[in-house]
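Here is a short report on one chain. Look through the sequence and the coordinates before reading on.

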Amino acid sequence: MRPRLLALTATPAVNSVNGVVLVLAVLLLMAPLPFVPFANTLPAIGIILLCLGMAERDGVVIVAGYVVALVSAVYVGALLYFAAKAGSDPRAAWDALVALAGRLLGAS
């Protein structure tokens with residue numbers, strides 16, 4: 001690690017944005033999803049990367065933290081959506097999951 005992309009750590013406004021992303025990643029870490037693989041791991045990795053990048057003024061690590069935080073937000077959001085959907089109608093949740101898998105496999 002070394003100081004790179006200093007524009008991502010140069011001003012208080014940018015550091016505030018970094019702090020907001022950090023708080024959002026902490027909220028993702030607190031999602032009530034026990035026994036789900038990577039539900040807590042991905043946000044924790046994003047938090048670690050953001051903190052290390054801010055401490056060492058390494059913009060590349062901060063960008064990596066942004067990417068991991070975004071991926072974890074999508075993952076945890078999908079898990080919460082499917083958990084809520086399964087709670088209301090398990091058959092509809094299964095159909096939505098099968099349709100999503102079909103779209104993803106059909107696109108590749």
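The report goes from the overall fold to single residues.

## Fold and dimensions

This is a predicted model. The chain holds four helices and zero strands. Read from the N terminus, the order of elements is α-α-α-α.

The radius of gyration is 17 Å, whereas a compact globule of 108 residues would come near 13 Å. Along the principal axes, the C-alpha trace covers about 50 × 30 × 20 Å.

## Contacts and surface

Burial accounts for 21% of the 108 residues.

## A nonpolar patch

Six names make up one nonpolar surface patch: Val-20, Val-23, Leu-24, Val-26, Leu-27 and Met-30. Val-20 belongs to helix H1, which runs over residues 12-29.

## The loop between H2 and H3

Helix H2 spans 41-56 and helix H3 spans 59-88. Asp-58 sits in the loop between them. Is Asp-58 buried or exposed? Its relative accessible area is 0%, so Asp-58 is buried, the cut-off being under 20%. Leaving out residues up to four places away in sequence, Asp-58 touches Met-1, Arg-2, Arg-4 and Gly-53.

Arg-57 is in the loop between H2 and H3 as well. Its relative accessible area is 38%. Arg-57 therefore counts as partly exposed, since that class lies between 20% and 50%.

## Positive phi angles

Most residues other than glycine have a negative phi. Two residues of this chain are worth checking against that. Arg-57 has a positive phi near 55° and is not a glycine. Leu-5, also not a glycine, has a positive phi of about 45°. Leu-5 is placed in the segment before H1.

## Aromatic rings

How many aromatic pairs does a search of the whole structure find? The search finds one. Tyr-81 and Phe-82 form this pair, with 5.3 Å from centre to centre and 65° between the planes. The pair is edge-to-face because its plane angle is over 60 degrees.

Tyr-81 has a relative accessibility of 45%. That value falls between 20% and 50%, so Tyr-81 is partly exposed.

Note on methods
Residues numbered from 1 in each chain as written. Predicted model: local features only at pLDDT ≥ 70, side-chain atom pairs only at ≥ 80, totals over all residues. Heavy atoms only, no water. Helix = DSSP H or I, 4+ residues; strand = E, 2+ residues; numbered from the N terminus. Buried < 20%, exposed > 50% of the residue type's maximum accessible area, 1.4 Å probe, protein only. Contact = heavy atoms within 4.5 Å. Patch = residues over 30% accessible without salt bridge, like charges linked within 9 Å, V, L, I, M, F, W, Y side chains within 5 Å. Areas by Shrake-Rupley, 256 points an atom, 1.4 Å probe, with all protein chains shown as cover. Salt bridge = Lys/Arg side-chain N within 4 Å of Asp/Glu carboxyl O. Phe/Tyr/Trp six-rings, centres within 6.5 Å; stacked < 30°, edge-to-face > 60°. Rg over C-alpha atoms; globule rule 2.2 N^0.38 Å.
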